[in-house]
Structure formats: structure tokens, C-alpha cells
Amino acid sequence: MKKKILILFLPFILSGMEGEKIYTKYGCYGCHGIDAKGNSTFPKLIGKSKNYLIERLKGYKNETINSNRADMMKPYAKNLSYKDIELIAEYLSNLKDEKKKKYYEEYDLSDAM
């Protein structure tokens, strides 16, 4: 049974790994951070929806977004293929904020029920 479950989730695991490689390869971490939590200047990407991230990256790539940050993002997005964009979006949308996770683990009541 465990092997069947692993086989079902293997494509999702591999796509997440690919997305992380692309995030690193194109230097996204330089502004958004290794953990994608951003900082006071650059936005947090962790936990954003996959569709939102795809829409934004495609907008930067196709130069349909005009904003103060668009000028910084366009050169990076131009180098991404549409497959790269999907893989990065998949990776980022599945990242979890470890602080929140730890907080909820401390108060997990599932065993008490």
C-alpha cells in the first residue's frame, strides 16, 4: 500500500524539486529569500496560490504588467519558459511557513479525540 501511495505522489514531489532548482538557478532567492518569505522590500511568495503566481510571472514575461517592480522582474521572467513558470509556481504554492507549522504542532489535539 505504501508503495502505491508513493508512486501516486512521486510526480508532485519531483515537480516540487524541479521548481526549487529553477527558483535557485534563476536567482529568485536573491530578492525573495531562500525560504521565499521576502523582506521589507521584496514580496513574500510562500503560500501564494499557484494560479496567482503563474498569472504574475506570465504577466512579467509578456510585459503586460506595468508597475515599479515590473521593471525589475521582466528580465528574470523573460528567461523562464512557460513550463519553468508552472514548476516554480507549484513549488512556491506548496511551501509551508515553518513558524506556523511549529505553532500548530504544539497545540495539536488530534490524539485527544
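The model is predicted, so local features need pLDDT of at least 70 and side-chain atom pairs count only at pLDDT 80 or more, while totals for chains, interfaces and linings use all residues. Residues are numbered from 1 along each chain as its sequence is written, and side-chain values use heavy atoms, with hydrogens and water left out. The protein chain has six helices and zero strands.

**Overall build**

- Reading from the N terminus, the order of elements is α-α-α-α-α-α. Helices (H or I, at least four residues) and strands (E, at least two) are DSSP runs, numbered from the N terminus.
- The protein chain has 113 residues, and 30% of them are buried. Here buried means under 20% relative accessible area, exposed means over 50%, and partly exposed lies in between (1.4 Å probe, protein chains only).
- Of the contacts between residues at least 6 apart in sequence, 58% join residues at least 24 apart. A contact means heavy atoms within 4.5 Å.

**Aromatic residues**

- The structure holds one aromatic pair. Tyr23 and Tyr91 form this pair, which is tilted, with 5.8 Å from centre to centre and 55 degrees between the planes.
- Tyr23 belongs to helix α1 (residues 2-25) and Tyr91 to helix α5 (residues 82-94), so their pairing ties together parts that are 68 residues apart in sequence.
- Tyr23 and Tyr91 are both buried.
- For the pairing itself, rings of Phe, Tyr and Trp (its six-membered ring) count if their centres lie within 6.5 Å; planes under 30 degrees apart are stacked, over 60 edge-to-face, and the rest tilted.
- Another ring, that of Tyr82, has the charged end of Lys61 sitting over it, 5.5 Å from the ring centre. A charge sits over a ring if NZ of Lys or CZ of Arg is within 6 Å of the ring centre and within 35 degrees of the ring normal.

- Tyr26 is in the loop between α1 and α2, and it counts as partly exposed because its relative accessibility is 22%.
- Leaving aside residues up to four places away in sequence, Tyr26 touches Tyr76, Asn79, Leu80 and Asp84. The C-alpha atoms of Tyr26 and Asn79 are separated by 8.3 Å, although these residues are 53 residues apart along the chain.
- Tyr52 is part of helix α3 (residues 50-61), and its 39% relative accessibility makes it partly exposed.
- Between the C-alpha atoms of Tyr52 and Ala89 there are 8.4 Å, with 37 residues separating the two along the chain.

**The buried side of helix α4**

- In helix α4 (residues 70-78), the buried residues are Ala70, Met73, Lys74 and Ala77. Around the axis they cover an arc of only 115 degrees, so they are on the same side of α4. That arc is taken from the directions from the helix axis to the C-beta atoms.
- Helix α2 (29-32) and helix α3 are among the parts that cover the buried residues of α4.

**Salt bridges**

- There are three salt bridges in the structure. A salt bridge is a side-chain nitrogen of Lys or Arg within 4 Å of a carboxyl oxygen of Asp or Glu.
- Within helix α1, Glu18 and Lys21 lie three residues apart, about one turn of the helix, and their side chains meet in a salt bridge at 3.5 Å, N to O. Glu18 is partly exposed, at 36% relative accessibility.
- Lys50 forms a salt bridge with Glu90, and the closest N and O atoms are 2.8 Å apart. Because Lys50 lies in helix α3 and Glu90 in helix α5, this pair ties together parts that are 40 residues apart in sequence. Lys50 is partly exposed at 28% relative accessibility, whereas Glu90 is buried, with a relative accessible area of 15%.
- Glu63 and Lys78 meet through their side chains in a salt bridge of 3.2 Å, N to O. This pair links distant parts of the chain, with Glu63 in the loop between α3 and α4 and Lys78 in helix α4, 15 residues apart. Glu63 is partly exposed at a relative accessible area of 41%, and Lys78 is also partly exposed, at 42% relative accessibility.
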